[in-house]
Amino acid sequence: MAIKTSTFGRVELSGKEAVCFIQHMNNDKANPLAMAALARGREISEKIKKGEAFKLNHHA
Amino acid sequence: MPETDFYIRKLEQTDTVQNFKTGNSSFLPLKTFLQKQAKQFQQASIAQTYVAVTGDKNIIGYVTLICSEIDLQNGYEVADCSHANHYEFLPAIKIARLAVDTRYRGSGIGATLVAYSIALITDMIAENVGCRFVVTDAKSEAVSFYHKQGFISLEIENSQAVEHHLMFLDLMTLG
């Protein structure tokens, strides 16, 4: 295993996993799912600043 | 599932944490952390916990963020910043804990907390300090959940046998 990680600590990558990670880092393009999450997160931040409540989403 | 609204804010020292339920014993560390350690971590500025709370201050979910780093032991090259290649580590924030009370699972609280974390890290930390990645050690049953939030998992050998899966989000892919 070339991944060493702990819950509250750093991540150590070596071997194939490090190579894979570097390929992701240098080649990955825009990430639509993450961009959508960021957009939702910004809306959430605005609601928090206004002290607004959130509704439970029973269909999540 | 109880009908209720909830709020998101930082964990407060006066919050009651004893009613939080995690169900399955494999989630017990998440309950123990909230009940016995989260406030100390916060007070010592080691980690910050954000909670989803009902109007009566009942915690129904939480996420804990901590500074982390990625050590690529074979060295690395950052294509868009060659100067960074001299540094041993890449800066990251880790989602160290994420849990939702068993009575409220499947109601979007976890996704809300992760989305908020991504925005917080992108707009407050990366924007003002510098941070390239969000990382987490996801339980096997949570891998699909994190994929839906845009996290990438490293393709590794024998991944089925691993209890936790390293997943990450490169903030440079957020446009």
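A salt bridge is taken here as a side-chain nitrogen of Lys or Arg within 4 Å of a carboxyl oxygen of Asp or Glu. By this rule, four salt bridges cross the interface of chain A and chain B. One pair is B:Asp5 with A:Lys55, whose closest N and O atoms are 3.3 Å apart.

The model is predicted: local features need pLDDT of at least 70, side-chain atom pairs count only at pLDDT 80 or more, and totals for chains, interfaces and linings use all residues. Residues are numbered from 1 along each chain as its sequence is written, chains are lettered from A and ligands numbered from 1 in the order in which they are written, and side-chain values use heavy atoms, with hydrogens and water left out.

On the side of chain A that touches chain B, at least two residues each come from strand 1 (3-5), strand 2 (11-13), helix 1, helix 2 (32-49) and strand 3 (54-55) of chain A. Helices (H or I, at least four residues) and strands (E, at least two) are DSSP runs, numbered from the N terminus. Helix 2 of chain A gives the largest share of that side, eleven residues.

Contact (heavy atoms within 4.5 Å) involves 46 residues from chain A and 63 residues from chain B. The two chains bury about 4600 Å² between them, 63% of it on carbon and sulfur atoms. Buried area is the accessible area (1.4 Å probe) that two parts lose on being put together, summed over both.

Single residues were also examined. Buried means under 20% relative accessible area, exposed over 50%, partly exposed in between (1.4 Å probe, protein chains only). B:Thr112 sits in helix 2 (residues 109-128) of chain B. Its relative accessible area is 14%, so B:Thr112 is buried. Not counting residues up to four places away in sequence, B:Thr112 touches A:Ile44, B:Phe6 and B:Ile8. B:Ala142 lies in the loop between strand 5 (133-139) and helix 3 (143-148) of chain B. B:Ala142 counts as buried because its relative accessibility is 19%. Its C-alpha atom is separated by 10 Å from that of B:Met167, 25 residues apart along the chain.
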